[in-house]
Amino acid sequence: MNIKRNIIFALEGRKKAGVPIVENVPIRMRVVFAGQRIEFTTGYRIDTAKWEADKQKVKNGCTNKLKQSASEINTDLLRQYTEIQNIFKEYEVQDIMPTAKQIKDAFNARMRKQLAKVKEAGTEDPTISFWDAFGLFVKECRLQNNWAESTSKKFATVKNHLNEFNAALSFDIFTEEGMKDYVDFLRKKDMRNSSVSKQIAFLKWFLRWCTKKGYCHNTAYEDFNPKLKSAPKKVIFLTNDELNKLKTVEIPHNKQYLERVRDVFLFCCFSGLRYSDVYNLKRSDVKPAHIEITTVKTADSLIIELNNHSKAILEKYKDIHFEDHKALPVISNQKMNVYLKELGELAGINDPVRETFYKGSKRIDIVTPKYALLGTHAGRRTFICNALALGIPAQVVMKWTGHSDYKAMKPYIDIADNIKADAMSRFNQL
């Protein structure tokens with residue numbers, strides 16, 4: 001018997017708020033035969049830009065978020081392809097047309113058998129507990145991915161939530177029902193849906209790592225995608241009018257500490273630097289017409305040209321000594337965020353901003369004066385929005401900011417389009 005079949009590796013088609021997801025997308029193996037179709041989880045994820053759809057493999061030289069290389073992933077995909085073909089050949093020899101369930105069960109059994117062989121070889125600890133694995137995961141990923149302190153804190157929070165959910169956790173608990181129970185637990189903590197989604201994403205990251213290591217054999221989590229309503233996060237930035245208000249507001253004598261905060265924030269508004277990068281900016285990074293930096297977050301090497309505004313701020317502080325040869329008087333992020341709200345209120349940046357979010361199925365709208373939402377990252381957002389509104393091409397802005405794809409830029413492009421449309425409507429008043 002010859003069983004006609006088609007075995008395809010493809011990225012899973014997922015959308016969020018109607019927009020296709022293009023980062024960290026699961027690679028699926030689809031098997032079609034005798035009018036039946038089976039979907040398998042390969043255990044790997046990759047960005048769509050790093051996937052060759054026609055060749056059904058990861059592009060050479062690329063890695064995914066777990067730092068798994070193209071050769072490693074493609075070799076394992078070929079192994080899975082070979083295994084599924086061998087299963088069909090065995091049924092052909094027996095002259096039997098298998099059911100979809102028989103093929104799926106046979107394939108999963110072979111995968112478990114191979115994992116068992118890996119364990120017997122001593123490359124992994126077959127008796128590792130959930131919590132020991134979590135500790136190893138944090139330790140390895142922190143070193144390999146050079147985690148920032150903020151990422152380490154996020155996973156400390158993940159661990160606290162999991163411990164509160166069930167201190168005696170095991171990998172077998174996270175079936176589809178177990179995942180639903182965990183979502184319900186997080187909802188009862190009065191979390192926003194967006195926060196619940198992040199916690200589930202962090203958990204799945206950990207479980208995928210455990211599956212790859214051979215610690216976790218329960219892969220039900222891969223197909224668990226709860227439908228949680230969410231609204232796009234509001235992008236807080238300053239318009240040109242608000243920027244001028246901030247630049248010209250008179251600072252009282254008893255609040256002179258706000259002057260340096262204003263200068264550092266305005267430098268971010270006119271350079272696009274993140275707080276971490278302006279904090280680390282050294283005098284040696286400043287050249288006559290540009291600055292040269294290696295970003296803290298992504299380790300990108302960037303050359304950012306100076307304009308009259310950013311140049312004037314650097315000139316103001318060039319003869320003042322700061323520790324570690326810093327170029328600007330940058331205080332802690334926490335203090336700066338507090339002072340920025342104070343500065344924004346002083347400048348009258350108080351337009352009401354409505355934010356929408358969901359808790360379960362309940363929609364919640366809150367209105368806040370804009371100054372209360374100001375933070376250091378608003379400087380970078382202000383730079384991007386105003387640069388695009390001025391007509392500077394997105395690809396040029398991306399070279400300054402270090403953005404690698406248009407997905408991250410899309411919210412800003414939409415805002416810039418709205419700004420330009422609003423500006424055009426002013427002609428109607430003539």
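1. The structure holds 28 salt bridges, a salt bridge being a side-chain nitrogen of Lys or Arg within 4 Å of a carboxyl oxygen of Asp or Glu. This is a predicted model: local features need pLDDT of at least 70, side-chain atom pairs count only at pLDDT 80 or more, and totals for chains, interfaces and linings use all residues. Residues are numbered from 1 along each chain as its sequence is written, and side-chain values use heavy atoms, leaving out hydrogens and water.

2. Helices are DSSP runs (H or I, at least four residues), numbered from the N terminus. Glu83 is buried, at 14% relative accessible area; Arg110 is partly exposed, at 22%. Buried means under 20%, exposed over 50%, partly exposed in between (1.4 Å probe, protein chains only).

3. Lys101 pairs with Asp105 in a salt bridge, with the closest N and O atoms 2.7 Å apart. Both sit in helix α2, four residues apart, so about one helical turn separates them. Lys101 is exposed, at 58%. Asp105 is partly exposed, at 37%.

4. Glu176 and Lys180 meet in a salt bridge too, at 3.7 Å from N to O. They are four residues apart in helix α5, about one helical turn.

5. A network of salt bridges links Glu12, Arg28, Arg30, Arg37, Glu39 and Asp223.

6. Helix α12 (residues 377–389) is largely enclosed by the rest of the structure, because 11 of its 13 residues are buried. Among them are Phe383, Ile384 and Leu388. Gly391 follows α12, with a positive phi near 95 degrees.

Key
Helix = DSSP H or I, 4+ residues; strand = E, 2+ residues; numbered from the N terminus.
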